[in-house]
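Please look over the model shown here. A short report on its fold and its chain contact comes after it.

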Amino acid sequence: MLDESVIQRTLVTALRTGGEFAEVFVEDKRSSAAMLDDGRVEELSSGRDRGAGIRVVVGETTGFAHTADLTDEGLRAAAEAAAAAARSGGGGVREVELTRQSAVRPNRVAVLPETVAKGTKVELLRRADEAARAEGGSIRQVRARYGDSRRRILVANSDGLLSEDDQVRTLFVVSTVAFGDTGMQTGYESLGRTVGFELFDRYQVEDIARTAARRAITKLAARPAPSGTLPVVIGPGGGGVLFHEACGHGLEKDLVDKGASVFKGRLGQQVASPLVTLVDDGTMAEEWGHYAIDDEGAPAQRNVLIEDGVLTDYMWDHLRSRKDGRPRSGNGRRQSYQHLPMVRMTNTYLVGGDGDPEGIVSSTDHGVYVAALGGGQVNTATGDFVFGMTEAYLIENGEISEPIREGNLIGNGPKVLVDIDAVGNDFAMGHPGTCGKDGQGVPVGDGVPTLRVKALTVGGTAG
Amino acid sequence: MSDLVDIADAVVAQAGDDEQLEAYVGRSTDTQVRVYQGEVEQLAVADSLGVGVRIVHEGRQGFAYCGTFDREALAETVNEARDNAAFGEADEAAGLAEPDGVEPADLDLWRPGLAEVATDRKVALALELERALLAADPRITGVESCDYGDSLGETAVVTTTGIRRSSRVTGCELVAYSLAGDEDETQTGFGFSLGRDVDELDVEAAASDAADRALRMLGAVQPPSGRLTVVLDPWVTAQLVGIVAGTLGAEEVIKARSLFAGREGEQVAAPFVTLVEDPTDARSWGASPVDAEGLATRRVPLIESGELRGFVHSTWTARRMGTHSTGSAVRAGFKSTPTAGCRAVALTPGDRDAAALLADVGDGVLVQEVSGLHSGVNPISGDFSTGAQGLRIRGGALAEPLREFTIASTIQRLLHDLVAVGSDLTWLPMSAAGMTLVVGDVAISGA
């Protein structure tokens with residue numbers, strides 16, 4: 001993407017005023033999208049973002065600057081700005097030897113989206129619209145969106161690292177509105193993988209559209225959600241966001257270091273039910289949170305965070321691992337070259353157990369079954385978190401019964417982890433998600449088998 | 001006029017004979033300082049810029065953007081937008097804005113002095129905030145983040161249809177998240193101060209807010225489930241008002257996604273409720289003299305005395321509904337196309353302050369923070385359920401702190417269940433203003 005000698009010169013400039021560590025992150029991202037709404041292909045859009053972010057570390061201080069100008073002069077100006085921002089004292093000249101690393105698991109993409117005719121992408125939208133509307137006359141509105149991105153990155157730093165990655169992601173989303181006596185209800189379904197256009201050889205957009213339509217239609221008959229604390233069963237695939245919020249963020253070492261995590265100082269302790277083994281795994285090929293190297297050049301890894309309920313590790317980026325003198329875990333990520341990296345999750349999932357999914361439901365006398373979760377939010381310092389249910393049902397006398405309307409559930413991370421009393425054998429990965437932290441969004445994946453939490457507060461209105 | 005207009009002119013000059021072309025150019029210079037334990041943890045300085053190109057040809061629209069002013073890249077972007085337009089479906093209402101004779105308000109939103117403020121002074125402000133927060137109370141144990149940020153932003157819109165306008169705005173902020181407690185318990189709180197220039201920032205106010213909001217949560221317990229009167233803190237009110245405003249965008253109405261479609265003239269809220277969008281109010285954080293299509297912004301009444309008056313419009317929504325744009329086109333920067341939306345919406349304040357309202361309520365819950373607005377609120381069905389924390393109100397005064405509960409209703413009901421609007425209007429860093437708001441009979445889910 002850039003000449004090695006240019007990168008080398010930029011790093012030397014960045015270090016000239018006494019920096020201890022310098023890094024150049026170059027990104028060239030092309031994206032395209034097509035949207036159908038209200039029965040009409042509204043618009044195709046395409047974009048290009050290309051630039052470099054440069055950081056310089058002096059002591060505890062990180063200076064950062066970015067530029068869209070990738071010429072020698074543009075990079076030099078950014079390097080000087082980053083070095084000045086790090087307010088360095090010393091001086092002198094440091095040499096930087098770069099060693100190009102080959103990615104451990106390069107991404108395999110069969111069909112680059114940029115090689116696919118725009119008309120072919122538009123056709124997917126029309127098929128989805130038709131399939132969703134065919135689910136029933138109550139479907140009043142359909143929006144279908146196709147999106148792809150190709151993100152090429154290069155990371156080089158003053159430790160000599162030089163590494164590149166080429167990340168291709170393809171996404172298809174359908175949202176519907178159904179209209180009935182009780183007003184409007186919405187349905188949503190998405191498909192996203194870190195692959196190219198071959199995604200649509202394996203999955204049919206009609207299936208995505210039908211699921212989105214069915215969700216909206218089902219909810220037309222939904223009752224108000226219950227209000228109060230109940231057992232909650234979460235269906236396979238749909239519920240990874242529970243762990244993402246209940247403990248994932250709390251295991252990010254930057255938050256732990258600042259005392260802003262309830263999991264601080266708990267390594268080696270039993271923090272969850274023995275049924276819980278939680279993994280964050282950036283190597284899961286094709287999953288939404290997959291990559292070959294993170295945005296600091298470290299190879300993605302499979303990291304076991306909780307094993308049989310015992311907290312085994314946190315997640316780390318370059319700064320935090322450097323400070324603690326340990327290897328990185330491949331969790332240093334950033335939204336774009338305009339952002340500083342920080343500790344982020346990749347694909348976070350609960351390992352499947354041996355429970356019979358039907359048995360988990362039938363042994364629940366009265367509770368809520370959540371088939372699909374929406375997003376969530378956590379306060380890592382208190383551990384309190386919420387997550388939304390977008391498709392949920394009552395469980396009465398051990399059977400899934402009527403659908404309920406949307407709402408949030410609220411719980412406390414450490415308590416919920418202990419309260420997990422059943423884990424099924426039907427593990428499935430969930431849906432593509434975007435995780436937000438400190439204003440930056442990055443793609444993440446998640447997965448769970450069927451599981452039960454003994455007690456969660458369901459935020460409905462029905463007494 | 002800004003040099004951005006020249007850049008936009010050069011792009012617009014590439015339009016073909018029978019096509020409409022819009023160039024939307026944005027540039028911002030930002031500084032972000034984060035301090036931790038008396039030292040600078042991060043300091044970032046950056047210029048961000050780019051151009052979004054919209055082309056309408058025979059009723060079909062295409063869009064492309066690039067994050068640079070490089071001439072070659074801009075030409076490529078124009079071609080890409082043109083190519084994209086060939087794949088859209090024709091729409092009679094498609095088209096760019098045209099001058100409508102409304103002059104933009106003269107708003108004082110740009111303080112050139114901000115560009116001259118030395119980085120050292122910005123760092124000093126953030127350090128001062130951290131010191132003030134840590135000194136506020138011995139139970140403040142740490143600072144999760146303590147930031148200074150500023151931005152000088154400029155935009156220009158030029159079209160082949162006669163639009164040629166630019167606007168610029170400065171802003172800066174101090175924000176801190178505090179940690180309070182002891183071995184057994186941690187609570188968090190935030191405080192901030194906003195200004196167009198650094199002289200308007202109030203370190204003490206930000207520090208004491210961040211401290212107070214965490215300290216008063218110490219010892220919080222989960223309340224029992226039930227129905228109670230809820231008093232919303234201005235911060236929470238602004239978020240609720242923002243959600244309601246989101247349902248009043250005409251695009252949502254046209255596409256059958258608004259709760260309020262076809263309900264103009266109906267009583268949709270309690271009779272004392274008036275909601276107005278007014279980006280020409282310079283106090284609002286979203287103030288702007290021009291909208292994202294280059295038309296003058298203006299005051300738009302949305303709800304008057306509880307009655308629905310209308311919606312906010314962009315050029316496209318206005319054509320579709322046979323009316324005029326209200327100058328309410330919004331877009332998320334140069335990377336996206338415009339839609340109709342609010343940028344400075346506020347309830348008309350009542351005449352009683354927060355203390356008087358608490359006394360009136362007598363028995364209830366003050367909600368000081370909500371979470372999961374994106375996951376538990378559905379602006380199409382109206383289902384409303386959020387995580388919450390706050391304080392019990394007993395005998396008209398604040399009592400014990402409460403956490404790990406939800407408040408739930410529907411957007412439709414909430415508007416009718418409003419009991420009072422406070423006099424304490426505050427503009428916050430979002431598209432809506434806040435004030436104390438009292439809502440009767442809200443479902444609380446807890447233990």
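**Chain A as a whole**

This is a predicted model. Chain A holds ten helices and 23 strands. Its C-alpha atoms occupy a box of roughly 75 × 55 × 35 Å along the principal axes. The radius of gyration of chain A is 24 Å; a compact globule of 463 residues would have one near 23 Å, so the two agree. Of the 463 residues in chain A, 61% are buried. Contacts in chain A with a separation of 6 or more are 75% between residues 24 or more positions apart.

**A sheet in chain B**

Chain B has an open sheet of four strands, ordered 10-9-8-13, with antiparallel pairing. Strand 10 (307-308) and strand 13 (345-347) of chain B each have a single partner strand, so they stand at the edges with one side lacking a neighbour in the sheet. Strand 8 (residues 275-277) and strand 9 (residues 300-304) of chain B are joined by three bridges in the antiparallel sense. Within strand 9 of chain B, B:V300 lies opposite B:E277.

**A:R405**

Where does A:R405 sit? A:R405 belongs to the loop between strand 17 (399-404) and strand 18 (407-412) of chain A. A:R405 counts as buried because 23 C-beta neighbours lie inside 10 Å. Setting aside neighbours within four places in sequence, A:R405 contacts A:K219, A:A222, A:R223, A:P224, A:A225 and, from the other chain, B:D383. A:R223 is 182 residues away along the chain, yet the two C-alpha atoms are 5.9 Å apart.

**Where the chains meet**

Chain A puts 65 residues into the contact and chain B puts in 59 residues. On the side of chain A that touches chain B, strand 2 (residues 40-58) of chain A gives the most, with twelve residues. That side of chain A divides by residue class as follows.

| Class, chain A side | Count |
|---|---|
| Nonpolar | 17 residues |
| Polar | 32 residues |

Which residue in strand 3 of chain B is the bridge partner of A:S45? The partner is B:F63.

Technical notes
Residues are numbered from 1 along each chain as its sequence is written. Chains are lettered from A and ligands numbered from 1 in the order in which they are written. This is a predicted model: local features need pLDDT of at least 70, side-chain atom pairs count only at pLDDT 80 or more; totals for chains, interfaces and linings use all residues. Helices (H or I, at least four residues) and strands (E, at least two) are DSSP runs, numbered from the N terminus. The radius of gyration is taken over C-alpha atoms; the globule rule is 2.2 Å times the number of residues to the power 0.38. A residue is buried if 20 or more other C-beta atoms lie within 10 Å of its own, exposed if 12 or fewer, and partly exposed in between; C-beta atoms are placed from the backbone. Two residues are in contact if their C-beta atoms, placed from the backbone, lie within 7 Å. Two strands pair if DSSP finds at least two bridges between them. Ala, Val, Leu, Ile, Met, Phe, Trp, Tyr, Cys and Pro count as nonpolar, Asp, Glu, Lys and Arg as charged, and the others, Gly among them, as polar.
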